[in-house]
Amino acid sequence: MIISELWHHYEADKRIQGFSPNTLRAYALQLKMLITDLGDVDISRVTLNLLKNT
């Protein structure tokens, strides 16, 4: 599953849990910046070393 697909599931779960729309927007912005750096890759390819090197 690619990162953007995973976000849709995560966001839906957090909405159900009652997270604020502002919090979800902040999370979405952080994710957008991550995807800009890494690309919309399969989540199984994301490692700690990959995150440290970006």
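This is a predicted model: local features need pLDDT of at least 70, side-chain atom pairs count only at pLDDT 80 or more; totals for chains, interfaces and linings use all residues.

Me: What does the ring of F19 do with Y27?

Reply: The two ring centres are 6.3 Å apart and the planes sit at 55°, so F19 and Y27 make a tilted pair. F19 is partly exposed as well, at 29% relative accessible area.

Me: How many aromatic pairs are there?

Reply: The count is three. One of them joins Y10 and Y27, again tilted, with 6.3 Å centre to centre and 45° between the planes. Y10 belongs to helix α1 (residues 3-16) and Y27 to helix α2 (residues 21-38), so this pair ties together parts that are 17 residues apart in sequence.

Me: And Y10, what's its relative accessibility?

Reply: 37%, so Y10 counts as partly exposed.

Me: Which residues end up in the ring cluster?

Reply: W7, Y10, F19 and Y27, linked by ring pairs.

Me: Switching to α1. How far does it reach from first C-alpha to last?

Reply: α1 spans 20 Å with its 14 residues, close to the 20 Å expected at 1.5 Å a residue.

Me: Which of its residues are buried?

Reply: In α1 those are I3, W7, E11 and K14. They sit on the same side of α1, because the arc they cover around the axis is only 75°.

Me: Why would residues with that kind of spacing point the same way?

Reply: An α-helix has 3.6 residues a turn, so residues three or four places apart point the same way.

Me: OK, and which residues are exposed on the other side of α1?

Reply: H8, H9 and I16 are exposed there.

Me: What covers the buried residues of α1?

Reply: The cover includes α2.

Me: What follows α1 in the chain?

Reply: G18 does, and its phi is positive, near 90°.

Me: Last topic, pockets. What's the volume of the largest one?

Reply: About 180 Å³ for the largest pocket.

Me: Which residues line it?

Reply: The lining of the largest pocket is made up of I3, L6, W7, Y10, Y27, Q30, L31, L34, I43, V46 and L51.

Technical notes. Residues are numbered from 1 along each chain as its sequence is written. Side-chain values use heavy atoms; hydrogens and water are left out. Rings of Phe, Tyr and Trp (its six-membered ring) pair if their centres lie within 6.5 Å; planes under 30 degrees apart count as stacked, over 60 as edge-to-face and the rest as tilted. Helices (H or I, at least four residues) and strands (E, at least two) are DSSP runs, numbered from the N terminus. Buried means under 20% relative accessible area, exposed over 50%, partly exposed in between (1.4 Å probe, protein chains only). The expected span of a helix is 1.5 Å times one less than its number of residues. The arc is that of the directions from the helix axis to the C-beta atoms. Contact means heavy atoms within 4.5 Å. On a 1 Å grid over the protein atoms alone, a cavity is a set of points where a 1.4 Å probe fits but cannot get out, and a pocket is an open set with protein on both sides within 12 Å along at least five of seven lines; lining residues have an atom within 4 Å of a point. Grid points are joined across faces, edges and corners, and a volume is the space filled by probe spheres set on the points.
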